[in-house]
Amino acid sequence: MIGVLFLAATMSIARSLQELASVDIDSKCYFDLTGRVLAVDGSSFVLEDGENRLSFACSSDVSFESGDLLHLQGYSWMSKLRYRYNAPTNVVRIGKTKATNPEKASVSDIARGACDLKLVTVEGLVTDVHLDELSENGYFLTISDGEESGFVYLCGKRKLSNLLGARVSVTGICMSKSN
């Protein structure tokens, strides 16, 4: 019990996504909050509570899905690469709502950061396809909407070179900047 009292006395406790997002970049903190799952990808997921959205990473794949209401407790810290990790240690599903429909977005919207951590659909022409050099399970597509070009990352062991020159519609979580 002394360890818990010490922890509470030396680390801040974020009670909302907005509070967690505003924690000083060099600080560690504890979180105890509730939100709605926007999207899940293996062991990572995006949680929202109104206008605020943050990504979280668990130690193993998660069993919840878009629309689930969760109560989370865990820790947040900054890596040496300046990426904030939000790691839940306790997750409880407390309800369910309708899954979120994706918003239509342009490559320009994404480039200016207007879609960060939102579920979006972007359409455009594939102008380049290349394998992720760090992972054999991913591809980068360069998509142009006629005004701007941007990258889309797709996971999986499928060959995508046949998409070069194709018009595509891609739906997913926009990660134009990190949290």
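## Residue A57

A57 lies in strand 4 (residues 52-57); strands here are DSSP runs of E with at least two residues, numbered from the N terminus. The model is predicted, so local features need pLDDT of at least 70 and side-chain atom pairs count only at pLDDT 80 or more, while totals for chains, interfaces and linings use all residues. Residues are numbered from 1 along each chain as its sequence is written, and side-chain values use heavy atoms, with hydrogens and water left out.

The relative accessible area of A57 is 30%, so A57 is partly exposed (buried means under 20%, exposed over 50%, partly exposed in between, with a 1.4 Å probe and protein chains only). Beyond its neighbours within four places in sequence, A57 is in contact with S43, S44, N86, A87 and P88; contact means heavy atoms within 4.5 Å. P88 is 31 residues from A57 in sequence, yet their C-alpha atoms are 7.2 Å apart in space.

## Strand 9 and its partners

Strand 9 (residues 138-144) is largely enclosed by the rest of the structure, because six of its seven residues are buried. Strand 9 runs antiparallel to strand 8 (residues 119-131), and six bridges join them; two strands pair if DSSP finds at least two bridges between them. In this pairing, L131 stands opposite Y139.

## The largest pocket

The largest pocket has a volume of about 1,200 Å³. A pocket is an open set of points on a 1 Å grid over the protein atoms alone, with protein on both sides within 12 Å along at least five of seven lines; lining residues have an atom within 4 Å of a point. Of the 37 lining residues, D41, Y153, I173, C174 and M175 are the closest to the centre of the pocket.

Strand 10 (residues 149-155) gives the most to this lining, with seven residues. By class, the lining has 25 nonpolar, nine polar and three charged residues.

## Confidence

The mean pLDDT of the protein chain is 84, and 91% of its residues reach 70 or more; pLDDT is the predictor's confidence in each residue, from 0 to 100. Over residues 1-9 pLDDT stays under 50, and the model has one contact beyond four places in sequence for them.

Methods: 1 Å grid on protein atoms, 1.4 Å probe; cavity = no way out; pocket = protein on both sides within 12 Å on 5 of 7 lines; lining within 4 Å. Points joined across faces, edges and corners; volume = space filled by probe spheres on them. Helix = DSSP H or I, 4+ residues; strand = E, 2+ residues; numbered from the N terminus. Nonpolar A, V, L, I, M, F, W, Y, C, P; charged D, E, K, R; others polar.
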